[in-house]
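This report describes selected features of a structure, moving from local backbone geometry to domains, cores and chain contacts. The sequence and the structure are shown below.

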Amino acid sequence: MSATKSIVIRGATVVNPDAVFEADVRVVDALIDAVGDALEGDIVLDGRGCYVSSGFVDLHTHLREPGKEEAETIESGSRAAALGGYTAVVAMPNTDPAQDNVATVRFVREQGIKANLCEVMPSGCITVGRLGAELVSYAGLADEGVTLFTDDGTGVQDEDTMKRALVSARLANVTLAQHCEVSSMTNGAVMHDGACCSSLGVPGWPSLAEEQMVQRDINLVRATGAKMHFLHLSTQGSVQMVREAKAEGLPITAEVTPHHLSLLDELLTSFDPIFKVNPPLRTAADIAALKAGVLDGTIDAIATDHAPHAGHTKEQPLDQAPPGMLGLETALAVVNTSMDLDARKIVELMSWNPARIAGLDARHGRAVAVGEPANLCVWNTADVWEVSREGLASKSKNTPYHGMNVRGRVRHTLFSGQIVVNEGKATR
Amino acid sequence: MNHLLSTHDLSIDEIVQLLELADHMAEINSRAVPKVPALRGKTIASVFFEDSTRTRLSFETAAKRLSAEVMTFSASTSSVNKGESLRDTIETLTAMGVHAFVVRHKSSGVPKQITQWTNAAVVNAGDGWHQHPTQAMLDAYTITRNFGDKESMAGRTIAIVGDIKHSRVARSNVDVFTRMGANVVLVAPDALLPSSIEGWNVSTASSIDEVVGHVDVLYMLRMQRERMDESLVISLKEYTDLYALTEERAARLAPHALLMHPGPINRGVEMQVDPSEVPGSRILQQVANGISVRMAVLFSLLGGEISPAATLGGDA
């Protein structure tokens with residue numbers, strides 16, 4: 001392999017679980033070859049003023065392929081991920097066909113390999129067709145490398161079905177991830193059920209609809225001993241229940257999205273469907289509780305719930321437009337702008353913890369050290385930039401941050417030793 | 001004023017001015033030939049995605065009395081049935097040379113959304129449970145003109161009775177009445193109140209009997225039978241026991257008190273008395289005032305460069 005060019009990331013601050021220090025990092029082939037002072041290489045990436053860490057891992061990405069390629073493809077979504085510093089994403093299974101079978105799961109993985117911009121890890125459905133009734137064969141999909149199962153977009157409503165799912169998941173040693181929403185309480189719901197919703201005259205989305213399922217699932221985890229990951233928690237009550245469940249020692253993890261840490265329900269006074277999302281944007285008190293949960297470790301991971309939607313679908317009346325917003329390319333900046341977190345905490349929330357939860361920790365979310373896989377991200381917390389929907393790589397433009405100034409930026413991303421983002425630009 | 005989307009967009013001064021302009025319009029409406037050339041050459045599209053009789057006819061009559069051209073669009077007979085999007089519908093009509101859209105839609109917020117796809121003025125003629133600003137204006141006009149105080153309704157007690165939660169009329173009226181100084185009491189079962197009335201500046205009562213004897217205005221809302229069917233509410237019998245206006249209750253209204261209703265009336269549901277038998281009823285006056293107020297709104301939006309005195313004086 002004498003033809004292989006070495007890459008040196010020069011002058012950045014290495015962020016590792018046990019230490020944060022300045023060093024150059026050299027990559028040869030797909031591995032880290034050296035970490036030290038004044039390293040030389042064929043290609044030099046400027047890392048001054050930046051951190052270098054394991055690449056980010058998104059537990060919650062909607063890539064829309066197969067089925068809604070108008071909104072996003074695995075390639076365009078992978079490019080958005082790379083630009084956001086992600087070297088791995090978990091592809092949500094609410095595709096068409098749904099990811100409840102070997103063929104679809106293989107297709108998603110192979111499209112990811114073809115795009116070659118980050119690792120695309122398909123998740124599987126909890127129930128066939130995400131219909132909430134018949135259980136998917138977890139062991140069968142686990143053989144394909146699937147470790148995370150969810151019916152995201154909807155929660156598993158029936159208690160007994162969920163209990164049986166947890167028992168099967170424990171036997172197959174996979175993790176179930178729940179979208180907590182009691183659907184009978186959110187019929188036609190448009191936004192958080194509070195003062196703003198009442199004044200705007202739209203159907204409300206009560207916090208209780210989420211909290212009822214969080215509580216139920218905590219009880220089911222206690223009863224079955226199975227692992228459970230809570231997707232996109234949005235209410236203060238949910239955070240408190242998860243905090244107590246973890247204190248009890250239950251095998252529970254939880255994520256929060258950048259938008260639930262940064263955006264208020266009041267944005268819906270514009271009636272702009274760009275701000276419609278499931279679960280909905282909530283109140284200042286909820287944001288404060290989510291942030292407290294992030295700081296005290298109740299929340300394990302930041303996950304984007306990147307949900308592209310074609311422009312015309314977001315031009316419908318608010319009550320008819322689909323919920324969801326983009327997240328991959330703005331996640332680091334939004335989290336960094338919304339919260340005062342040190343670099344170590346950011347990497348813990350965006351790389352180390354999600355890699356472990358997704359079972360990707362053999363290749364992602366590892367220390368920056370000799371011999372480790374070169375899935376790396378070079379980023380800073382200082383650059384201020386204005387988000388522009390036109391500037392995004394995603395096929396859809398439904399970012400809620402258009403026109404806003406944010407702080408913190410991804411400069412370079414290396415996936416499997418290859419430069420996929422250089423100076424903030426995708427290389428392929 | 002570029003659009004009229006919500007009562008919240010208007011200051012009290014602007015509302016008072018619009019009501020004074022409505023006085024001019026009422027004078028025109030009293031003439032033998034109630035028509036002036038004020039909006040000649042202007043085209044107003046009446047775009048109703050949801051059925052309505054009185055509001056559509058009221059706006060169209062108002063437009064015609066100001067000599068505007070009226071283009072009528074109704075969703076049930078249009079390309080919306082062929083799947084045309086809201087945006088395409090509005091852009092298409094705009095391309096035909098529309099100066100103002102009068103929009104009714106079952107979804108809250110649609111009039112506001114439409115403003116991004118057209119340069120024309122947009123008037124909200126009722127959107128979902130959100131707002132019905134010209135209804136609030138014609139109601140404020142009716143109340144202030146009846147009580148002879150043009151500036152405000154300060155200190156008056158107004159009870160709004162019925163399905164507050166699903167009512168755009170309630171949301172608009174609460175805003176205008178409270179800002180004009182009235183004490184507003186919402187009279188409704190809990191299931192028909194919004195989950196929060198924080199910032200509404202109102203009090204509540206749980207039966208019509210608690211308020212009927214001492215209100216200056218009794219404002220009855222239409223009870224939609226569909227809501228009853230959703231079973232999330234109380235039974236029709238329970239509802240009428242506590243919230244319907246019966247003959248006995250109407251007799252307890254103070255002599256000066258006004259009875260109002262936005263229509264259409266549900267006889268035998270919320271109205272168990274013939275309104276024509278109630279001396280304080282102003283329900284038909286509301287309808288007549290609606291034309292004057294909507295003329296004032298359309299003129300303010302489209303005739304801004306012309307002084308009212310110059311245009312409103314002559315015959316068409």
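## Backbone features, domains and contacts

A:Asp29 lies in the loop between β4 (24–28) and β5 (31–36) of chain A. The model is a predicted one, and in it A:Asp29 adopts a positive phi of about 55° although it is not a glycine. With 13 other C-beta atoms within 10 Å, A:Asp29 is partly exposed. A second residue of this kind is A:Asn116, which is not a glycine and yet has a positive phi of about 55°. A:Asn116 is placed in the loop between α2 and β10 (119–122) of chain A. It has 16 C-beta neighbours inside 10 Å and therefore counts as partly exposed, the cut-offs being 20 or more for buried and 12 or fewer for exposed.

|---|---|---|

β19(A) and β20(A) run antiparallel and are joined by three bridges. A:Phe415 stands opposite A:Gln418 in β20(A).

On the scale of the whole chain, chain A is divided into domain 1 (7–51 + 372–426) and domain 2 (55–357). The centres of these two domains, taken over C-alpha atoms, are separated by 25 Å. Domain 1 of chain A brings 30 residues to the contact, and domain 2 of chain A brings 38 residues. On the domain 1 side, β18 (376–386), β19 (405–415) and β20 (418–422) of chain A each supply at least two residues. The largest share of that side, seven residues, comes from β19(A). By class, the side of domain 1 that touches domain 2 has 18 nonpolar, eight polar and four charged residues.

The largest nonpolar core has 134 residues, and A:Val52 and A:Phe149 have the most contacts inside it. Helix α11 (residues 343–357) of chain A gives the most to this core, with seven residues. Both domain 1 and domain 2 of chain A give residues to the core, so it lies between them. Beyond its neighbours within four places in sequence, A:Val52 is in contact with several residues, among them A:Ile9, A:Val25, A:Val368 and A:Leu376. A second, separate core of 93 residues includes B:Leu39, B:Ala62, B:Leu66 and B:Val98.

Finally, how many residues of each chain take part in the contact between chain A and chain B? There are 16 residues of chain A in contact with 21 residues of chain B. Helix α5 (residues 195–200) of chain A gives the most to the chain A side, with three residues. That side divides by class into six nonpolar, seven polar and three charged residues.

Conventions: Residues are numbered from 1 along each chain as its sequence is written. Chains are lettered from A and ligands numbered from 1 in the order in which they are written. This is a predicted model: local features need pLDDT of at least 70, side-chain atom pairs count only at pLDDT 80 or more; totals for chains, interfaces and linings use all residues. Two residues are in contact if their C-beta atoms, placed from the backbone, lie within 7 Å. Helices (H or I, at least four residues) and strands (E, at least two) are DSSP runs, numbered from the N terminus. Ala, Val, Leu, Ile, Met, Phe, Trp, Tyr, Cys and Pro count as nonpolar, Asp, Glu, Lys and Arg as charged, and the others, Gly among them, as polar. Domain bounds come from an automatic or database domain assignment. A nonpolar core is a set of buried Ala, Val, Leu, Ile, Met, Phe, Trp, Tyr and Cys residues joined through C-beta atoms within 7 Å. Two strands pair if DSSP finds at least two bridges between them.
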